[in-house]
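Thanks for coming. I will go through one structure, starting with a pair of strands and ending with a few single residues.

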Amino acid sequence: MNIAIVGTGYVGLVSGTCFAEMGIDVTCVDIDQHKINRLLQGEIPIYEPGLEDMVKRNVKAGRLHFTTDLTTCLNNVEVVFSAVGTPPDEDGSADLKYVLAVAKTFGQNIKKYTILVTKSTVPVGTAKKVKATIQEELIRRGEEVDFDVASNPEFLKEGAAIKDFMTPDRVVVGTESERARKIMSRLYKPFMLSGERMIFTDIPSAEMIKYAANSMLATRISFMNDIANLCESVGADVNMVRKGIGSDTRIGKKFLYAGCGYGGSCFPKDVKALIKTAEQNGYEMKVLKAVDEVNEKQKQILFEKLQKHYHGELKGRTVALWGLAFKPETDDMREAPAVVMIDKLAAAGCTVKVYDPIAMDECRRRIGDKIIYCKDMYDAAMDADVLMLVTEWKEFRVPDWRTLRKIMKQPLIFDGRNIYDREELWVNGFGYYCIG
Ligand SMILES: NC(=O)c1ccc[n+]([C@@H]2O[C@H](COP(=O)([O-])OP(=O)(O)OC[C@H]3O[C@@H](n4cnc5c(N)ncnc54)[C@H](O)[C@@H]3O)[C@@H](O)[C@H]2O)c1
Ligand SMILES: O=c1ccn([C@@H]2O[C@H](COP(=O)(O)OP(=O)(O)O[C@H]3O[C@H](CO)[C@@H](O)[C@H](O)[C@H]3O)[C@@H](O)[C@H]2O)c(=O)[nH]1
């Protein structure tokens, strides 16, 4: 089977490579010539554990190709996945210009039955717009070519993307034709231990499932952040509360970790987009508005604690920041809490020394030279008044407390992900603040 995947970002490159791993012939297409050139030279433009080896293996096996030319490869494929970005518009709604541009090229060039599958996260009603765009182009050409559209939202998490794609909890496919459904079943068969994890729906439901899933997960996080803040006021321990409620199987253990806010390219934008979709349909998503508001505040909470500790006198302090990426195992800094923290610290007149195992280059690209980039975690902590942990990379979990106490100006830690043991830090002579 031959397929094309348009958009060679986190979703497109991972999905394409995983399909190729299953023996499918995949052409990955991107308009970014620089990105495609790098891929053609064997360079992987993003950091995702395990991806580089898998890309190389499949390129070598002749099953994975890269191009900027969607037009030509359309002649040879049965299915085209659209995995382009859907960034937030100024008003918070999803910007569909890239999705519709792909639909246009598809309509202008298909010569035989092909399915255009939207993998990007798009609001309900997008498939209709995609279909109308293709039909318009076919009318313009004066030709009739059979095609289908389908919705196949992606649920992978960055940092665990390959595992998530290879062994998905479920694959959701919204279709409106039996022919498309059969082809999609065949395509995903290698990933299914049993057919039960393949969920076929109508297209609007598939589009909604993606937003509802992300919104539910974001809701759990904001709820736990609210609980953590209350725990602090009443003298309860949020980690114990998490264990206590998570062991109720109706609640479950995952996505209950309090912290300095959720970031990334998905939760913040998808929560906002769903609020907007509701508004456009005359409905108010009260819960989600609160989820978003709690998260915006939560990203500032460590800074507020720091301000309180120093009675508002932050000017001239040196702060070491451990972690820049929005979560461990990725170089992605989109909507990362670290960005908010850096802005606040810099505006307050602090010197900020940062270290992240993978996201240093990405940070330089985004933030430039207003902060100091350090060669390792201890270099960042050297002569710092305070150490702030924002991203819970594994290498930060068991630091050498004795060394830290020696090299820091003051032994003071603000833990934005609750990874350290309060008692252990006190025994080692550190001042310790966490979430909750
Ligand atoms: N990042 C994630 O973890 C994740 C997970 C699930 C779903 N999603 C959704 O998937 C979509 C893609 O996300 P991403 O993080 O991979 O985005 P990304 O920004 O990493 O990649 C998008 C790619 O699309 C390319 N592109 C844009 N227009 C194009 C066109 N007309 N033709 C060819 N290429 C084009 C861009 O150059 C870019 O390389 C979004 O809708 C996102 O919400 C993302
Ligand atoms: O208990 C938790 C779990 C996560 N987070 C934060 O939430 C954000 C998002 O984390 P995660 O969901 O692991 O990463 P993403 O790659 O953004 O994945 C989400 O967004 C993707 C894009 O839509 C979906 O495909 C995934 O299913 C969904 O988990 C990060 O800042 C985490 O630090 C918490 O604060 N507490």
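Val319 stands opposite Val352 in strand S10. Strand S9, residues 318-322, pairs with S10, residues 351-355, in the parallel sense over five bridges. Two strands count as paired if DSSP finds at least two bridges between them. The strands (E, at least two residues) and helices (H or I, at least four residues) are DSSP runs, numbered from the N terminus.

Before going on, a word on the source. This is a predicted model, in which local features need pLDDT of at least 70 and side-chain atom pairs count only at pLDDT 80 or more, while totals for chains, interfaces and linings use all residues. Residues are numbered from 1 along each chain as its sequence is written, and chains are lettered from A and ligands numbered from 1 in the order in which they are written.

Back to the sheet. It is open, has six strands in the order S11-S10-S9-S12-S13-S14, and its pairing is parallel. S11 (372-373) and S14 (431-433) are the edge strands, each with a single partner, so one side of each has no neighbour in the sheet. Helix H13, residues 301-309, packs on the sheet and touches S12 (386-389), S13 (412-415) and S14. The direction of H13 makes about 155 degrees with that of S13; axes are lines fitted to C-alpha atoms, for helices over the stretch in contact, and angles run from 0 to 180 degrees between N-to-C directions.

Next, the ligands. Which residues are closest to ligand 1? They are Gly7, Gly9, Val11, Ser120 and Thr121, out of 26 that surround it; a residue is near a molecule if its C-beta atom, placed from the backbone, lies within 6 Å of it. Helix H1 (10-21) and helix H5 (97-109) are the elements that give two or more residues to this shell. Ligand 2 is surrounded by 20 residues, the closest being Glu158, Tyr257, Tyr262, Gly264 and Cys266. Helix H9, residues 203-234, gives the most to that shell, with three residues.

UniProt, in an unreviewed entry, places the feature "binding site" at Asp30, Lys35, Thr86, Thr121, Glu158, Lys269 and Arg334. UniProt positions are in the numbering used here, feature names are shortened, and annotations may be inferred rather than shown by experiment. These positions span 305 residues in sequence and the farthest two C-alpha atoms are 24.1 Å apart, so they do not all gather at one spot.

Take two of them. Glu158 sits in the loop between strand S6 (147-151) and helix H7 (161-166). Is Glu158 buried or exposed? Glu158 is buried, because 25 other C-beta atoms lie within 10 Å; the cut-offs are 20 or more for buried, 12 or fewer for exposed, and partly exposed in between, with C-beta atoms placed from the backbone. Arg334, in the loop between S9 and helix H14 (337-347), has 19 such neighbours inside 10 Å and so counts as partly exposed. Leaving aside neighbours within four places in sequence, Arg334 is in contact with Gly264, Ser265 and Phe326; contact means C-beta atoms, placed from the backbone, within 7 Å.

Last, two backbone angles. Most residues other than glycine have a negative phi. Phe255, in the loop between helix H10 (238-246) and helix H11 (267-280), has a positive phi of about 55 degrees. Asn418 has a positive phi near 50 degrees, and its place is in the loop between S13 and helix H18 (422-427).

Key
Contact = placed C-beta atoms within 7 Å.
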